[in-house]
Amino acid sequence: MHNHKVEQNTSRVDMDVTKPWQAPIDHRVRQRAEQRVIKQLLQALLYENIIEFKYASADSSNDKALLDFTIKATDNVNYRAQGYIHYSFDIIRFNDFNVQRVVDGNACDAILEHVISDILLNIADASLKDSFIKELRHTLVNETQAQRLSPNLSMPNVPTPNAPAPIDVLTYEQLEGYLMAGHPYHPCFKSRIGFDLQDNYDYGPEFGQNIEVVWLAVKKELLVSNTAFEFSSATTLNEWIKDYVDVDNYEALNDKLKRILATTNDKSEANEDEDANAYGLIPAHPWQWQNTLILALQPLIDTQEVIYLGSTGNQYRAQQSIRSLSMLQADKAYLKLSMHLINTSSTRILAKHTVMNATVVTTWLNQLVAEDETAQALQIAFLGETVGISLDHEVLQRRGYQHPDIYGGLGAIWRENVSQYLSTNQKAFPLNGVSYINTDGSTLIDPWLNKYSVEDWTAQLIKVTVAPVLHLLFGHGIALECHAQNIVLVHEDGFPVKVLLKDLHDGVRYSPKHLTRQDLIPSFHSLPAAHAALNRGSFIETDDTDGIRDMTVACLFFVAFADIAVFMQTHYHYPEAVFWQQVADCVTDYQNRHPEHEARFELFDVFAKQTRIESLAKRRLFGDQVFPIKYINNPLAKSRVQTQC
């Protein structure tokens, strides 16, 4: 075996001998994590009508809205919880009291294994329940580890306790690691199937560990790439990468490539340069390299069509999505990498068509906004995905190479840094941070709400968020997957001024015949039939105009805003009905100001009595052979008025 192959099979940096993930379990931490997993599981099962339940007014409370929920598991076992059916889409949320398991009238705190045996294993026809249960168990262990060891925590007995950081001190990149709660609805909010606990500690965003991506040299005929800008004749993709990693680091990679080629090919220096120019560079997540790519690419490693070059020394930190990384060097583009990691029930690969479409979407949306005065006035802006590189699995398939992890296993997308869209007095803030609860029970945005008042701050948040998304829907006929992690709030001293929309590569939906700018319809890379069969929700074009509306309402209103509305009522006694009235006012204000789009107000009726969402738990239990959707009541239908926002 050649020398370079010895190096590329070495393990990552030796683990800390203290193995911090083996820290003693704190019972309070474990119980808090377990109750959260149980609550999100039961809330989803109830909301998606997977199991039967009853509820009644909680007689012991002065809160008339508080309900007692009862789930009958067997003849002598039932589960009890307290909580609310909220104004916001009738969402079910339990309160802080622990879920109880009641056996023959005797109650004790529920544990996950009992919920699994009493309820999940008895759901008829749930053919995927074994994998779902595995995700739940992993979520519990990973959440316990996070609650025990995250440096963000302020708790007794934690080795390095820190008080919650002042909100105005944290940068956007730091907030991406600080916000450790995960998905507020999905019961497998931290499953991370593929990680062991040391992996979770090394690569999970909440632990704040530095990460070094690895670089591979791949024969250019095996790579495809796309950019959202035109390279000059003197600039190539490798030249762009040189600027990204900096000249010295790039030259070090290139020199290493030449040395490896020289040791195996015995050629002149001129021929070494020529041979090196036959390769393109592509980064990979170190976990993906160790756990997937070494095996999947072994035949290509043997023929030197893929050569491991190692790290440049650049340090990264994981963002909330785990596979999106921020380079610690200021203002560098964010890097999204393929990982065969299952989190919130999705495998986080980057398929070739996704990588290639990322820059197509960015170019298209930017052109629409640049030529639209209303969009300019609304300050609509995107964190553009400007460069994408992928291994071309189709070339390998034509050569008869069919390893299952080749598809989507090696790909990278670079996303613009938020600093490009901030003036000197502005800062960026992930929208899901609005409803974040610090570990000491305080709310992250409390200083802002105290400064500006709950009503004024909330009204401004709604105004700067709703109008841009609505204009893309009504003004252009485009729905975006704008849930809370895909929206960046820009603020000035805590006061919202605009939003940035991101993660667009597979998060757009439209009907070609209903687009305003027919002359700008892009040519997208097609979705492979095998991919579509596995993920029926993965598509861009559709004739289902209600589906386009539902994507906007489900992502922005159901996922992002409902969580904020419930948060404001729970922690600040700000009525959900008032919140949704403000949202409705903003919609009608936009419609009154832009009657030229009236035809789309009915076509994409966001005031419809019901809208559709994907049933996340049902899909994980039953699959999507019959795509699991749920019709839910729309709070905007109850709040429609003709007033200005």
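Let me start with residue classes: Ala, Val, Leu, Ile, Met, Phe, Trp, Tyr, Cys and Pro count as nonpolar, Asp, Glu, Lys and Arg as charged, and the others, Gly among them, as polar.

Now the ground rules. This is a predicted model, where local features need pLDDT of at least 70, side-chain atom pairs count only at pLDDT 80 or more, and totals for chains, interfaces and linings use all residues. Residues are numbered from 1 along each chain as its sequence is written, and side-chain values use heavy atoms, leaving out hydrogens and water.

First topic, the cavity. A cavity here is a set of points on a 1 Å grid over the protein atoms alone where a 1.4 Å probe fits but cannot get out; lining residues have an atom within 4 Å of a point. Volume is the space filled by probe spheres set on the points, which are joined across faces, edges and corners. One cavity reaches 30 Å³ or more. What lines the largest cavity? Trp 364, Leu 368, His 476, Ile 478, Leu 515, Thr 516 and Arg 517. That lining splits into four nonpolar, two polar and one charged.

Next, strand E10, residues 306-310. Strands are DSSP runs of at least two residues, numbered from the N terminus. Five of its five residues are buried, so E10 is largely enclosed by the rest of the structure. Buried means under 20% relative accessible area (1.4 Å probe, protein chains only). Val 306, Tyr 308 and Gly 310 cover one side, Ile 307 and Leu 309 the other.

Last, Thr 344. Thr 344 sits in the loop between strands E14 (342-343) and E15 (346-347). Thr 344 is buried, at 16% relative accessible area.

Key:
1 Å grid on protein atoms, 1.4 Å probe; cavity = no way out; pocket = protein on both sides within 12 Å on 5 of 7 lines; lining within 4 Å. Buried < 20%, exposed > 50% of the residue type's maximum accessible area, 1.4 Å probe, protein only. Helix = DSSP H or I, 4+ residues; strand = E, 2+ residues; numbered from the N terminus.
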